[in-house]
Amino acid sequence: MTHWKSLLVFLLLVAVAAGAGSLSAPDAWFEALQKPSFNPPNWVFAPVWSVLYVLIAVAGWRVYRKAGFVPAIAAWLAQLLVNAIWSPLFFGMHRIDLALIDIIILDVLVLATIAMFFPRDRVAGWLMMPYLAWIGFATALNAAIGSLNPG
């Protein structure tokens, strides 16, 4: 597969995950929840995720291009799947608790992916760092919303 075609595959995989997540969006239930003082306005999420998804796709593609389908790519795919599940859990099912478990698993998977990416392609590892920072923030936000809205 040519480099550009394989990049399109990685962009498509990320777009599918993003699309799956976007099927469940903030609604009246979410608006009624108590939120911590550090909760950003809703408009922040779309541009941040757009940039992060491009970085995630390029990082995975760089490793695939250099090493092929290795365990690092399997970890990349796993984190993408877990990422796609968060929105349906949180916004769709209104399960703050299950979404928190999901995002903690995501944190671990992204950290493992980064650790596997660095030996193969340092740039790819660094491209995943903003994602790790953002989901770390999102984990704190998820936990805070859960503690402010028990049961």
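Asn142 lies in helix α7; helices (H or I, at least four residues) are DSSP runs, numbered from the N terminus. The model is predicted: local features need pLDDT of at least 70, side-chain atom pairs count only at pLDDT 80 or more, and totals for chains, interfaces and linings use all residues. Residues are numbered from 1 along each chain as its sequence is written, and side-chain values use heavy atoms, with hydrogens and water left out.

Asn142 counts as buried, at 2% relative accessibility. Buried means under 20% relative accessible area, exposed means over 50%, and partly exposed falls in between (1.4 Å probe, protein chains only). Residues up to four places away in sequence aside, Asn142 touches Trp86, Phe90, Ile96, Ala99, Leu100 and Ile103. Contact here means heavy atoms within 4.5 Å.

Helix α5 spans residues 96-120 and has 25 residues. From its first C-alpha to its last, α5 reaches 36 Å, close to the 36 Å expected at 1.5 Å a residue. The expected span is 1.5 Å times one less than the number of residues in the helix. The buried residues of α5 include Ile96, Ala99 and Ile103. Asp102, Asp107 and Thr113 are also among them. The cover over the buried residues of α5 includes α2 (28-32), α3, α4, α6 (122-127) and α7 (129-148).

His94 lies in the loop between α4 and α5. His94 has a positive phi of about 60°, although it is not a glycine. At 32% relative accessibility, His94 is partly exposed.

Asn42 is placed in the loop between α2 and α3. Asn42 is partly exposed, with a relative accessible area of 37%. Neighbours within four places in sequence aside, Asn42 is in contact with Phe30 and Glu31. The side chains of Asn42 and Glu31 make a polar contact (2.9 Å). A polar contact is a pair of N or O atoms within 3.5 Å; within protein, one must be able to donate a hydrogen and the other to accept it, and residues adjacent in sequence count only if both atoms are side-chain atoms. Asn42 and Pro26 are 16 residues apart along the chain, and their C-alpha atoms are separated by 8.4 Å.

Phe69 lies in the loop between α3 (45-67) and α4 (71-92). Phe69 is exposed, with a relative accessible area of 59%.

Methods: Helix = DSSP H or I, 4+ residues; strand = E, 2+ residues; numbered from the N terminus.
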